[in-house]
Amino acid sequence: MSQHKISFQLYSARNFPPLETVLEGLAKIGYDAVEPYYPLYGEDAAGYRAKVDAVGLVTPTFHAPLDGVVGETSRFIDIAKTIGAETIVIPYLVAEQRPTDVDGWKKLHESFAGAAEKAKAAGLGLGYHNHDFEYATLADGSRPIDHLIGNGVTSELDLGWVARAGQDVAAEIDKLADETIAFHIKDLAPAGTTVDDGWTNVGDGVVDWKALWPHIEKAKKARILVAEHDNPSDWKLFAERSYAAIKALVS
């Protein structure tokens, strides 16, 4: 039996408040965990924790903004401990935060690594969640993702974005297998689909999850599988169908 936790990125339900109703629904579906986004927990971490505890879920990973993670590391370490998280994850770089050359990406990684060192001293991990721009080819033939992971910075590998970037998903999983602490399980709708921004329920899209599962399973540190959809029109349908598809993989 798989030891994976099935989690839900709460950003997927951001347009369907209140949080308490979403959490209750997720618990009834069978999810083990949730992954919050900032600022969902930012103003009242203890209050967020109480809502999650009330339905029997946990928060092993959470998304935190780059400026906060690097500039206010101690604050986010305290938040992690309050909400019961094991890993702080940088989820996204806005356009102005993205370097344009190899040296820039290396310097950005150094700032990540400095925060990771502080997190480690507090008993926590620090990860980075990719989109597709990290797979653009740089002048020397490398890619931003090649410079962002390592030296204590782990990967929360978003497989849907890897696929959307046109990469060999299995190869990317294998490449970062030893550095990955969680996977975002996100599915692409068939080509030409514009509804829901081109994403769909896990198992209803074009990603071959059965083929990818042996690769996912070999990433021994990655025992959290996070269902995510950037803009579902029906969060509960997405949550239900995605849970069923992921549960079928791990069973």
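**Close-up views of a predicted model**

**View 1. The buried side of helix H1.** In helix H1 (residues 19-29), the buried residues are Leu 19, Val 22, Leu 23, Gly 25, Leu 26 and Ile 29. They sit on the same side of H1, because their arc around the axis is only 160 degrees. The arc is taken from the directions from the helix axis to the C-beta atoms. Buried means under 20% relative accessible area (1.4 Å probe, protein chains only). Helices are DSSP runs of H or I with at least four residues, strands runs of E with at least two, numbered from the N terminus. The model is predicted: local features need pLDDT of at least 70, side-chain atom pairs count only at pLDDT 80 or more, and totals for chains, interfaces and linings use all residues. Residues are numbered from 1 along each chain as its sequence is written, and side-chain values use heavy atoms, without hydrogens and water.

**View 2. The cover over H1, and its end.** Strand S1 (5-9), strand S2 (33-35), helix H2 (45-54) and helix H10 (235-250) are among the elements covering the buried residues of H1. Contact means heavy atoms within 4.5 Å. Just after H1, Gly 30 has a positive phi of about 125 degrees.

**View 3. Ser 242 in helix H10.** Ser 242 lies in helix H10. Ser 242 counts as buried because its relative accessibility is 0%. Its side chain reaches the backbone oxygen of Phe 238 at 2.8 Å. Leaving aside neighbours within four places in sequence, Ser 242 is in contact with Tyr 31, Asn 201, Val 202 and Ala 227.

Key
Buried means under 20% relative accessible area, exposed over 50%, partly exposed in between (1.4 Å probe, protein chains only). A polar contact is a pair of N or O atoms within 3.5 Å; within protein, one must be able to donate a hydrogen and the other to accept it, and residues adjacent in sequence count only if both atoms are side-chain atoms.
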